[in-house]
Amino acid sequence: MSVSPLSFPGDADNRMLLELPARAANLSLARASVAAFAAQLPLTVEDLEDVKVAVSEAVSNVILHAYPHLGEGPVRIEATIRAGVLEVAISDTGKGIADVARARQPAFTTIPDRMGLGFVLMENFMDEVLVDSAPGRGTTVILRKTASHRDEQGGCADSDGSNSSQPPV
Amino acid sequence: MLEVNSEIVGNTLLVSVAGELDLDTAPRMRTLIDARLSHTGARHLLLDMSGVSFLDSSGLGAILGRYRTVSASGGAMGIAGARTAVKRVLRLSGVSQIIRMYTSRDTGLKALARRRGRQAKRARQDRGSGVAGDEC
């Protein structure tokens with residue numbers, strides 16, 4: 001995938017392209033960059049936290065799974081804002097996923113001691129999660145979040161408040 | 001970036017964590033807590049997360065792993081002071097139903113100091129029925 005000058009930013013209102021070695025030390029940079037980009041939309045602080053977690057999970061998956069033999073390969077993060085929608089595409093050129101539906105199941109993991117929660121968190125914190133993958137062809141995860149619909153729900157922040165903590169027993 | 005500090009309060013290892021907990025930093029927290037647990041012989045573990053600004057599934061895994069370690073030797077574990085964003089991840093993952101959450105480190109320390117034999121009994125029951133968080 002290469003970007004020509006004419007297609008940048010293309011039909012999007014804004015676009016960011018970031019390519020990094022898929023290593024754990026780059027996780028913080030990746031999610032902070034996307035959050036800073038997403039902050040141009042009228043998203044709540046909570047929305048931006050959600051985006052950070054989802055990006056962290058998707059990039060962690062690349063680090064953990066994509067390049068088992070190379071040790072390290074590239075992860076490409078393309079974020080766009082189009083008509084009030086944030087879209088983050090996280091791609092690798094790694095080994096791909098044989099059974100995407102199975103990989104997205106809660107608690108499914110190929111690594112002992114891991115929780116298999118990556119996709120659960122992505123799906124809960126974003127409006128839409130798409131996965132395009134095939135063995136040997138790499139994986140692209142697309143995360144979408146729409147601005148300001150959260151405001152109508154209200155109550156979201158309240159339900160995270162003090163009543164959440166269980167009383168000491 | 002992650003900062004981990006620990007001290008012993010009575011029977012409890014109090015660990016204060018500050019920064020971001022992810023795939024990069026969680027292994028360091030795990031190593032430090034495990035080393036302190038075995039050096040000090042502390043029975044209970046209280047994780048003060050008031051300084052944690054970010055948590056994802058890698059951090060959750062490290063937290064749940066410490067819960068299993070502490071429970072296996074009959075101790076109890078609590079989490080104190082988690083911020084809203086961190087609390088949401090703990091709640092969504094179900095971890096807040098397995099590990100007790102306290103609003104402050106003081107309430108957590110007091111509560112853990114009161115849990116002794118009872119916790120050991122509960123940990124045995126949890127192991128027996130396979131409830132010790134395996135479903136997460």
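How many residues does the contact take from chain B and from chain A? The count is 29 residues from chain B and 26 residues from chain A, where two residues touch if their C-beta atoms, placed from the backbone, lie within 7 Å.

A quick word on ground rules: this is a predicted model, so local features need pLDDT of at least 70 and side-chain atom pairs count only at pLDDT 80 or more, while totals for chains, interfaces and linings use all residues. Residues are numbered from 1 along each chain as its sequence is written, and chains are lettered from A and ligands numbered from 1 in the order in which they are written.

On the side of chain B that touches chain A, the elements giving two or more residues are helix H2 (57-72), helix H3 (84-92), strand S5 (100-102) and helix H5 (105-114) of chain B. Helices (H or I, at least four residues) and strands (E, at least two) are DSSP runs, numbered from the N terminus. H3(B) gives the most to that side, with seven residues.

By class, this side of chain B splits into 11 nonpolar, eight polar and 10 charged residues. Ala, Val, Leu, Ile, Met, Phe, Trp, Tyr, Cys and Pro count as nonpolar, Asp, Glu, Lys and Arg as charged, and the others, Gly among them, as polar.

Now for the chains themselves:

In chain B, 49% of the 136 residues are buried, meaning 20 or more other C-beta atoms lie within 10 Å of the residue's own, with C-beta atoms placed from the backbone. For chain A, buried residues make up 32% of the 169 residues.

How values were computed
A residue is buried if 20 or more other C-beta atoms lie within 10 Å of its own, exposed if 12 or fewer, and partly exposed in between; C-beta atoms are placed from the backbone.
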